[in-house]
Amino acid sequence: MRKRLFIGGLAAAAAFALAMVGMAVSATKGATPLPASSCSALQGPSSAQFIVATDLPLQGSSRAQTIELTKAVAFELKQAGYRAGNYSVAYQSCDDSTAQAGKWDAAKCSANAGNYVRDKSVIGVIGTFNSGCAEIEVPITNRAGLQMISPANTYIGLTHTPALAGEPQKYYPTGKRTYARVVAADDFQGAADSLELKALHAKSVYVLNDKEAYGFGVASAVQNVIKGGKLGLKVAGFQAWDPKASSYQDIATKIKASGADAVFLGGLECENGGKLIKDLRAGLGANFLIEAPDGFSSFTSTIKDAGSASNGMYISIAGEPYQFLNSAGKAFAKAFGKTVGLAAAKVNPYSNYGATAAQVMLKAIAGSGGTRSGVSKGVYNHSFTNTPIGNFALNANGDTNAGVISFYHVKGSQAPFLKVISPPASLVALAKP
Amino acid sequence: MVTEARTEQLPIRRFAAINPIPLIGLSLVGLLIVWLAINLEKTPDQFLSAFLIGITTGSVYGLVALGYTLVYGILELINFAHGDVFMLGGMICITLISEVFNLHAGQAAYVVWPAILGTLAIAMVGCGLINATVERIAYRPLRGAPRLVPLITAIAASFILQNIALATKGPNFVPLNTGSSGAADFLPQGNVFTFGHGDQAGRYTWASLIVVLLTVPVLTALLWLVQRTRQGKAMRATAQDREAAAMMGINVNRTISFTFVLAGSLAGAAGLIYAVYFTSVRFDQGFQLGLIAFTAAVLGGIGNLPGAVFGAMLIGMIQSFNNTLSWHAPGSDWTQSIVFGILILILVFRPEGLLGERTPEGG
Amino acid sequence: MDALLTAVALRKEFGGLVAVNDVDFTVPRSAIVSLIGPNGAGKTTFFNMLTGVYKPTAGAVIFDGENVTGKPPHAITNRGIGRTFQNIRLFKEMTSLENVLVGMHGHLKGGIVRTILRTPGLRREEREAREFARHLLQFSGLRGRDDRLAASLPYGDQRRLEVARALATKPKLLLLDEPTAGMNPQETAEFTAFVSKLRTEQKLTILLIEHDMRVVMGVSDRVTVLDYGERIAEGTPKEVQHDPRVIEAYLGTAAVPT
Amino acid sequence: MSEPLYPGAKVRDALRDSWKVWRHKWAILGRVGLTEERWRAWPLVVRRVVIAALVGAILLLIIGPFSGVDASALVTYAVFVALYVPSWKRLGRSGRWVIPLAFLLLAVTFPYYTDKMFTIPVLGAFPSTSTAVVMLIYVMMGVGLNIVVGYAGLLDLGYVAFYAIGAYTCASLASPQFGKTTRSFGAVDVVKGIGGIHISIWLLLVLAGILTSLLGMLIGLPTLRLRGDYLAIVTLGFGEILPQIARNGDNFFNTGINVTNGPQGITPIDGIGFGHTLHSAVGLPANYLTAANSDRLFFWTAIVLVLFTIFCSLRLRDSRLGRAWVAIREDETAAAAMGVPLMRTKTLSYAIGAFFGGVAGAYFAEFTTGANPDSFSFNFSVFVLVAVILGGMGNVWGVLVGAAFLAYLDQAGLADTGAWLNTHLHINIDVPKYEFGIYGVILLIVMLFRPHGLIPEARHKLEFEQGVADEPLYDVSH
């Protein structure tokens, strides 16, 4: 009996010893890829020192845009030969959405951020797409000094102008900024959207939002600018639409009763935006002024879901259309469009932002000295010229000085470009709560 | 040890002590009426719009609620999957209308109506079969099991049906072509009547009326079926006492299957109406709407057919008034909470529903 | 002999149906009283009102000098009324011992904190409870079946276990609802003896619903007869046996119990 | 055997009977000369060696072709043999602790070896430490829900409500959420001058538990007298209302009162840790979020929480209260007639189940550094319920395995499986997309074929062994 126990004990001890040996023998060569459960396979040299990851929602109705965006980043890295100065850099595309939700998911964002922080090969992250997701990821990556550059986040409080208590410092527990964005924040869009409403002879605007971080933010920005009183507009009402509702006739009735002559849809098209537009059209008439921000900028989805009801609505997007791009931007759109099989003018504006974010990131890595904190040094208070979105500078908060918003006007099954607006600073300042 | 005094004066009277619950209920209803009256006075057009929207939504809820009530009446089972059967019905209809029959605006009535009736027939048969299959697989093998077991498989069935829709139709809203009334563009788009004037004018479209007009004959036919026909008698007998019904020579399994087919085809009909009137369906909408319909069924007294429709109308109205009215309405942010709040209050304080009768406890 | 339990004008209506119609009823201390009547006479409904399962529509139940009308079942049990059920209602997935321990619930004290800390006092209480439970099982003739699942016991043993479980509530009054239903004559005889033993050894008062007239006549001190929810007779077994209304009631029904 | 009712019946019966191969193993083995008597005549150790060898052979057949047998697989097998073959129990009192302690040791050292382990066929790599943290949190929730569903038999479809309350308690009291007041109590590394209430997360874990159990009682009192299915639907209702309150709680009925931050959710939450004083004095981690081995700290803390949950759960099961719960589950009327106060006992099960849900929610919020209204959907309630049912209602160990497995599937397993299927079968299916459909199938199969779960509670097992299982699964004629 005793002897058998002894043998057993010996076996157990041997097992643990083996385990320890196994642990000791772990060869590391090149970058450690991020887990396959949320990220794509490594693109670029497998012996690369560093990884740049994109963090985007690859499922749901923004899929078309985000997939193209990942391709733009990959394109940019490939153009650079997967090198940033003296460092070789590989690329992985990570997904922060779940198919069930069809959009970004809080737990997924947090898990992804944890993965980036832990994987010491990750030197920078391009993302996120949704501001709500950024609110979760930025504090986590900040603690590890990991720089993020977003091509799409527009929520103001992430970088400046507190909308909520503790913003934006609460996103930077280390006190050092590690997040920047190459896209103009909602205050620009809110000001431009209000200006455009004014230009379209609206007098009283009903502001809707989808009760999402992004939609609520941009809707609030519009509301605040209008309430600022400089434009002579007024807010007829401010309310949320429920993405799960079967009909929005009730909202249409309310808007009609409020005497509004325009409606602003602050939110995402995938939150039942198609049905919302349909019911608004039905209740308010074919000529009623409907304006939506870049949450509706996937024109194909918007037009498909809303059908003929989308006809005549205005959609704003941060950034410039193809014809307004400088030569670098046009060159990018042509070259990139060729690789993904799109005409240059059809390249989604977000692809330009993605490529720009990638260029900023590569430039920062080149001068980083190979450390995460080194990357951040190359981002703030720097100017960037001849990027796919033109020339711009990032200030100490990580905000861009290029606040151009372009407008599109849906006609039939097309959404041709209408104009660009660069809102004056006095109006932008009104957007804060 | 024995207190004689207390034995002397026995409380031999009815235990009809003052019950605060009906009082609270009545005062709540009173407040509701006052609130509605003030809104009516302030914004009559808005009130009328809300009322008309409520009737239309209520009709759709009614058709779904009938399915819940039928199944609950016979099996005492909350068929969670019912809402998803309804959603599949909507999907089937949208697919048929836009891809098979290819209906669009400007087609003649003799093209549109046969196609719609054909779609209705296919959806009803399809959903009936789906519902019966669910019963066969998920409920029948568990008959006699503790009550909670089929409830759990009902949730399982609901998830499976949702995923079938997800796999075939994807995660986004599946839309139908629409016209200027917001309803399907091949339906008549004109107004039955308009009210109010100027910018505030409201209107009632033919499409809305058709929804209500479709519900009425379905309910009448159903009532006739359950109360007048042999099959209906078998259903009622099975609902009363399954064992006794079996002894009387009723094929209990077949009767239950029939009930599920019936409930499913009602869901199919509701699916069609939803498709042509609300014009877009997503894979996960059925569950939510099913819960609302279940609330309606409970509100009217579960197991009671006219009660289900009554409850559905009420829920439709409450939702619509809450969402549409301006004066001190909590607004659509709280609709879901209000509906579930009603469900909880009714279940806790009046589980037999508004139209139901108290049944012998444990009888 | 004072009354342990008195029911005064007890009444129960289900919807419009009167199941028990203003029945007066008394169980004297240390007596064995039987309640008989044809099927559907309202006996079990009456029982359920005594034990708090149903709230009476009207009337009162006085137990041991206290008005217990409308009190919840556990409160009535803890005041000293133990019961068995017509269709055996054991906790089938628990062992015999655990079944009996559930019966002792009201007499044990362990709360959440003490349970999690498992204090010495609680251990002692638990040990004593188990001892007492074993003793009860033995008394009820279930020695050696402590750890059998209730569902796996033979029918007669299940009946005994129900009684043991009811005894665990430390009752003053024991209500037995058709305890010999489904038993063969030998088991019935054994059970009758067991009931008598309960009175003599446990000093219990017993109220019995019973169909088997031999049991009723064999052990009862008093018999009450219910028909259509009304009390139609009351007296000693002899008196009741010869009451014309009782004979009519029983002959009038198709299934005359033997 | 009666006539098959429909074509699928035969398949179903065959599936249902498949485990009988195991029942009739002796009849089968007897053909090749190995009778039960002969087998039993062998010494215990020999028998165990044979079984261990069989297990090894089966594993080799499974793992070999898929991922190849490497050192880690051999070590795993060695550990299994070392634990299984010697009869540790015969060592007396101390021997009883060998296996539990070995498991504990394996669990605690998990972060050190998980990335060195072999690949599990189809499912992919061993869970990473951060995945393991989530698994442990789900285990905690599963064990908590098991007290309500498994012990007391009350179907709770709104468990997510408790989880949400826990998360929001933690999030709002350890973040800049209430920026107008500045209170700090034991919190670590609060950003200077940021405002808000900052209470130590350790305290908040307890507070979240207490608050949720109070809320559990509040919900329980009016509703617990309802019948089982009505109770289920009422809890579902609460589970739907609470997220809406979270979503609209930034501006209650236009009063401007902001409690939950509405759709934005509350983020980030302060760090959890022992502070810098304790760090420099005893070396305890100052702040998990900034520590180099952040994940491991979260993991070990989660292990402590899970152990506490299991400990309480087991103690309660074997107590007066536990017996009362099972009695209520089996027969409410009889339980009441035996002196069990129904309302109080049920409410207690609710409160205790809620307590663990709340603590788990708070810890999860801390781990993900945020509380977001989108996380609290009905699906989550069902997820935890599936974990309880899959493992075996009432059985703590079963629930532990069920919840851990399901959480692994949710976090990584399904995605890995999908990737494996797509590469090897040359298809293109997004497997995680159908996560809840897969859970639906699991629920259905478990309920139809193994209603007591994969690892039934000891008493159910007893029943199976006594042959009751040959009869219909449920006794129709009570």
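## Ground rules

Residues are numbered from 1 along each chain as its sequence is written, and chains are lettered from A in the order in which they are written. In this predicted model, local features need pLDDT of at least 70 and side-chain atom pairs count only at pLDDT 80 or more, while totals for chains, interfaces and linings use all residues; side-chain values use heavy atoms, without hydrogens and water.

## A covered strand in chain A

Start with strand β16 of chain A, residues 405-409. Strands are DSSP runs of E with at least two residues, and helices are runs of H or I with at least four; both are numbered from the N terminus. Five of the five residues in β16(A) are buried. Buried means under 20% relative accessible area, exposed means over 50%, and partly exposed lies in between (1.4 Å probe, protein chains only).

In a regular strand the side chains alternate between the two faces of the sheet. Here I405(A), F407(A) and H409(A) point one way, and S406(A) and Y408(A) point the other way.

## Its two partners

Strands pair if DSSP finds at least two bridges between them. Strand β13(A), residues 314-318, runs antiparallel to β16(A), and five bridges join them. Y314(A) stands opposite H409(A).

Strand β17(A), residues 417-421, also pairs with β16(A) in the antiparallel sense, over four bridges. There, K419(A) is the bridge partner of F407(A).

## Rings and charges

The structure holds 57 aromatic pairs over all chains. Rings of Phe, Tyr and Trp (its six-membered ring) pair if their centres lie within 6.5 Å; planes under 30 degrees apart are stacked, over 60 edge-to-face, and the rest tilted. Y139(B) lies in helix α5(B) and F260(B) in helix α10(B), 121 residues apart. Y139(B) counts as buried because its relative accessibility is 2%. F260(B) counts as buried at 0%.

Charges can also sit over rings (NZ of Lys or CZ of Arg within 6 Å of the ring centre and within 35 degrees of the ring normal). K330(A) lies over the face of Y322(A), 5.9 Å from the ring centre. K170(C) lies over the face of F132(C), at 5.2 Å.
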